[in-house]
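The sequence and structure are shown below.

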Amino acid sequence: MAAAVRAALCLPASCGMSAGHLWARQIFLKIVPTTSSSALKTALSNGLLTSTGTRAICHYSSVTHVLQTQCCIHPPCSNRMGQQCRPYSFFTKLTADELWKGALAETGAGARKGRGKRTKKKRRKDLNKGQIIGEGRSGFLWPGLNVPLMRNGAVQAIAQRSKEEQEKVEADLVEQREEWERKKKIKVKRERGWSGNTWGGVSLGPPDPGPNGETYEDFDTRILEVRNVFNMTAKEGRKKSVRVLVAVGNGQGAAGFAIGKAADRVDAFRKAKNRAVHYLHYIERYEDHTIFHDISLTFKKTHIKMKKQPRGYGLHCHRAIITMCRLIGIKDMYAKVSGSLNMLNLTRGFFHGLSRQETHQQLADKKRLHVVEFREECGPLPIVVASPQGALRKDPEPEDDVPDTKLDWEDVKAAQGMKRSVWSGLKRAAT
């Protein structure tokens with residue numbers, strides 16, 4: 001089209017300006033028969049089809065500019081049509097992050113007012129997944145896009161696949177997309193925890209590597225509690241969050257716990273397990289299988305009583321304590337929990353008691369005496385388990401006239417054979 005206009009501008013002066021004007025107008029109408037009326041009106045209003053001397057050349061060049069900027073010209077082989085083109089649109093003005101923010105409704109009046117609470121949360125998708133720049137139905141091979149730029153030390157030329165090769169490529173692409181759809185429909189069965197429908201006891205794997213490259217491959221993370229918590233705010237109303245309590249450990253005495261809170265459950269899991277590895281306790285173990293002595297403690301309204309057990313006894317405890325003992329590396333222990341069963345208080349009290357237990361060597365250095373132990377397999381003969389590092393005390397340790405020993409009445413009844421079943425005194429109806 002522009003070449004036709006330039007040809008009209010190159011008419012010889014002997015033909016006169018009116019003839020050149022008439023020929024250019026005929027070419028213009030023949031090439032662009034279906035241009036938009038707004039573009040033609042613009043050209044006429046600006047006096048583009050005048051026959052004055054020097055102004056005509058500028059006006060014909062203005063016709064070229066108008067047609068290039070405001071009209072879309074299609075080749076003769078296709079359906080001729082004219083449409084308005086703009087240099088930018090809504091999608092070109094905004095960035096991808098801004099467009100996704102509007103599509104996902106992350107921030108807006110509805111979210112601030114608490115609307116859409118029960119709707120399924122939209123997630124950001126990778127729209128370029130499975131797409132290759134340069135691939136099309138024609139099967140052209142563009143160097144640097146869908147084929148390597150260089151081959152055998154020379155730059156490749158633009159080529160085209162044969163019909164059979166193109167059909168094979170399209171069939172492989174369809175098969176790959178069907179495989180992705182099948183994987184989307186597959187439900188990943190998570191590891192079973194304490195029960196089939198709760199998160200308690202489920203493993204989250206090792207924590208993520210640190211900023212300096214340190215890894216925690218020998219650690220494992222277990223979920224202790226997942227709770228939905230709410231915060232009442234002035235603008236958003238009842239705001240929901242997920243609070244997760246996890247414990248981490250390597251089975252060699254190093255263990256810790258932490259809380260993670262986020263709007264999304266997956267983010268709360270990640271925060272909790274990465275935070276727990278920064279609050280580790282080292283728990284001393286007797287012969288790497290049990291605790292050093294019996295422990296009885298009260299943390300707020302939770303009462304925990306732990307007893308040392310011989311090798312092979314196992315873990316007879318609360319299910320949360322069993323999970324934490326396995327992370328620590330304790331294999332044999334008895335524990336009883338009474339009072340409040342708040343999971344956070346139970347966890348804090350358990351680590352509080354284990355981290356303050358006294359080892360045999362510490363007891364020997366404190367008393368300046370030998371620490372002995374009586375075992376069933378050795379009969380009445382004591383076994384020395386620790387000796388003081390300094391000098392032994394010559395006078396024996398004074399004993400109280402009345403020993404201040406706290407006894408559990410349930411244990412006393414069980415030891416004396418007085419404990420009966422709770423169903424023994426139940427009166428049953430005659431049958």
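Which strands each supply at least two residues of the lining of the second largest pocket? In this predicted model, they are β9 (295-299), β10 (302-308) and β12 (333-339). Strand β10 gives the most to that lining, with 5 residues.

The second largest pocket has a volume of about 440 Å³. Its lining comprises 16 residues, and S296, I304, K305, D408 and D411 are those that lie nearest the centre. The composition of the lining by class is tabulated here.

| Class | Lining residues of the second largest pocket |
|---|---|
| Nonpolar | 5 residues |
| Polar | 4 residues |

K305 belongs to strand β10 and is among the residues nearest the centre of the second largest pocket. Because its relative accessibility is 15%, under the 20% cut-off, K305 counts as buried. Leaving aside residues up to four places away in sequence, K305 touches I295, S296, Y334, A335, K336, D408 and D411.

The helix is considered next. Helix α11 (residues 343-355) consists of 13 residues, and the distance from its first C-alpha to its last is 18 Å, close to the 18 Å expected at 1.5 Å a residue. At the start of α11, a side-chain oxygen of N342 comes to within 3.1 Å of the backbone nitrogen of L344. The helix is mostly covered, with 10 of its 13 residues buried. Those buried residues are M343, L344, N345, L346, T347, G349, F350, F351, G353 and L354.

Technical notes:
Residues numbered from 1 in each chain as written. Predicted model: local features only at pLDDT ≥ 70, side-chain atom pairs only at ≥ 80, totals over all residues. Heavy atoms only, no water. Helix = DSSP H or I, 4+ residues; strand = E, 2+ residues; numbered from the N terminus. Expected span 1.5 Å × (residues − 1). Buried < 20%, exposed > 50% of the residue type's maximum accessible area, 1.4 Å probe, protein only. Polar contact = N/O pair within 3.5 Å; in protein donor to acceptor, adjacent residues only side chain to side chain. 1 Å grid on protein atoms, 1.4 Å probe; cavity = no way out; pocket = protein on both sides within 12 Å on 5 of 7 lines; lining within 4 Å. Points joined across faces, edges and corners; volume = space filled by probe spheres on them. Nonpolar A, V, L, I, M, F, W, Y, C, P; charged D, E, K, R; others polar. Contact = heavy atoms within 4.5 Å.
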